[in-house]
Amino acid sequence: MSKMPPRSASLEPNTNAAPYVPPPITRVEDTGLSFLWIQDHILKVMYYEGYLTGFKIAEQIALPFAGVVDQVLESLKREKLVEVRSSSTGLGDGAYLYAITGAGIARAREALDRSQYAGPAPVPLQVYNDACRRQSRGRTQVTSRLMHQVLSHMVLSEKTYGRLGPAVNSGTSIFLYGPPGDGKSSVAKAIGNLILSQFMYIPYALYVDGQVIKLYDSVNHQLSPEEELPTSSTGVLRANQRRDPRWVRISRPFIITGGELTLAGLDLVYEENSKFYEAPFQVKANGGILLIDDFGRQQVRPRDLLNRWIVPLESRIDYLTLHTGRKVEVPFDVLVIFSTNLPPRDLVDEAFLRRLRHKIEIGDPTYEEYREIFRRVAAAKGVAYSDQGLAYLLQEWYIKHNRKMRASHPRDICDQIVDVARYISVEPSMTTELIDAACEAYFVDL
């Protein structure tokens, strides 16, 4: 169960369902937003930015100029909330330079009192929910061959492979447990790499009853480039002009959270100053994986955390609460992986474990597995491997001290050997002197 870097794999998504692409917008009604809301949104952007061309406004709010932004700007001009400052470029209305008027500033301030969100226009929650369900059918279905390919950098038993594959295909929940240093996090991250080769679309933000929920997160979401699509008339047309530009194409999410996780972080986070919401971890992970690393060491008790997720894990639906008290429904299309080195009985009772779909123990390696891990790691780190050196290591530093073999030990011991060898200017190898020096610096008898 080595933690060497994973190899890349060429994976193909399930082709039973056509890939979902957000349909293009040609008129205001297609946005699902009210005309007045878009007016206020444009005024807020102009209040912050000052002078903007029509094309720049469209880019800022992620809506097409033709059919949407041009119509709203025309109404704002008629109401004397914006005015044209320059129109000499000759490139059409989109190139006109617009400025907000005094009356427009007053209305923008009123809108900012309700919400200071002024980014890409949001997508109605129901549209997002539908897109999540449609995109859930595009996941890769794992086979035995694919599982071995994805985890080829690790040394695992066939029994473990046979349990991991069905667990990943379930798309529900996996409980990884076992001693520290045996590769649980590495297994989870390798599963995460499996889905990073697939893409999906998510909106920048969601719209619920006049409230905005920011969804896209540049820290947790990885952009997936879109190919430019040629057209017959204008040469090249950007791909996002053939779909709703309020959506962004990303790799399926793989989000890791650990000791910082709290119950408050699992619901909508309302910013009192900005007056809009940040989506919680599990919503940002929709369509992908959420890894709860070091489960049991969070600031929230394991029982409270699982209580919060009992309904979502079973029904695949989550309920979030607005600051007004209203609850909204969102899909829970997440493969949740709990990883812990604490005994399961110390964390949760049988009733809770029953709700975790797949329980998989990642245990200590056998001698043969440990030897193979050591051989691989030594080759990768430039340490000359020998069975005699390994036999000495096991006898002197494991058997005599009643110490258990961990999958992470070969990596750490080889690193120590390399450090010592560099200091005394010798080639790193598994000599008794280098092994003793490495283990004296590495092992601590508790």
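Mentor: Happy to! One term to start with: a residue is buried under 20% relative accessible area, exposed over 50%, and partly exposed in between. Also keep in mind that this is a predicted model.

Trainee: Okay, let me try it on D419. Where is D419 placed?

Mentor: D419 sits in helix α15. Its relative accessible area is 47%, so D419 is partly exposed.

Trainee: And how far is D419 from L434, counting C-alpha atoms?

Mentor: Their C-alpha atoms are separated by 9.8 Å, while along the chain the two are 15 residues apart.

Trainee: What about I424, which helix is that in?

Mentor: I424 belongs to helix α15, which covers residues 409-424. With 45% relative accessibility, I424 counts as partly exposed. Together with Y423 and V426, I424 forms a nonpolar patch on the surface, and the accessible area of the three together is about 350 Å².

Trainee: Changing topic: which domains does the chain have?

Mentor: The domain assignment gives domain 1 (34-115), domain 2 (126-223 + 244-361) and domain 3 (367-442).

Trainee: How far apart are the centres of domain 1 and domain 2?

Mentor: Their C-alpha centres lie 39 Å apart. As for contacts, eight residues of domain 1 touch eight residues of domain 2.

Trainee: Now the inside. Which residues touch the most other members of the largest nonpolar core?

Mentor: Those are I38, I42, M46, L63, V69, L73 and L76, in a core of 31 residues. At least two residues of this core come from each of α1 (35-49), α2 (54-61), α3 (65-78), β3 (97-100) and β7 (205-208). Both domain 1 and domain 2 give residues to the core, so it lies between them.

Trainee: Is that the whole story, or what else lies apart from it?

Mentor: There is another core apart from it, with 26 residues, including M147, V150, V168 and L291. As a general point, nonpolar side chains in soluble globular proteins tend to be buried together.

Trainee: Back to L63. What is L63 in contact with?

Mentor: Setting aside neighbours within four places in sequence, L63 is in contact with I25, T31, I38, A58, V68, V69, A121, P245 and R246.

Trainee: And which residues of α3 are buried?

Mentor: F65, V68, V69, V72, L73, S75 and L76 are the buried residues of α3. Their cover includes α1, α2, β2 (82-86) and β3.

Trainee: What follows α3?

Mentor: K80 does, and the phi of K80 is positive, near 60°.

Terms used: Residues are numbered from 1 along each chain as its sequence is written. This is a predicted model: local features need pLDDT of at least 70, side-chain atom pairs count only at pLDDT 80 or more; totals for chains, interfaces and linings use all residues. Side-chain values use heavy atoms; hydrogens and water are left out. A nonpolar core is a set of buried Ala, Val, Leu, Ile, Met, Phe, Trp, Tyr and Cys residues joined through side-chain atoms within 4.5 Å. Buried means under 20% relative accessible area, exposed over 50%, partly exposed in between (1.4 Å probe, protein chains only). Helices (H or I, at least four residues) and strands (E, at least two) are DSSP runs, numbered from the N terminus. Domain bounds come from an automatic or database domain assignment. Contact means heavy atoms within 4.5 Å. Patches are made of residues with over 30% relative accessible area and no salt bridge: like charges are joined within 9 Å, nonpolar side chains (Val, Leu, Ile, Met, Phe, Trp, Tyr) within 5 Å. Accessible areas come from the Shrake-Rupley method with a 1.4 Å probe; for residues, only the protein chains shown count as cover. A salt bridge is a side-chain nitrogen of Lys or Arg within 4 Å of a carboxyl oxygen of Asp or Glu.
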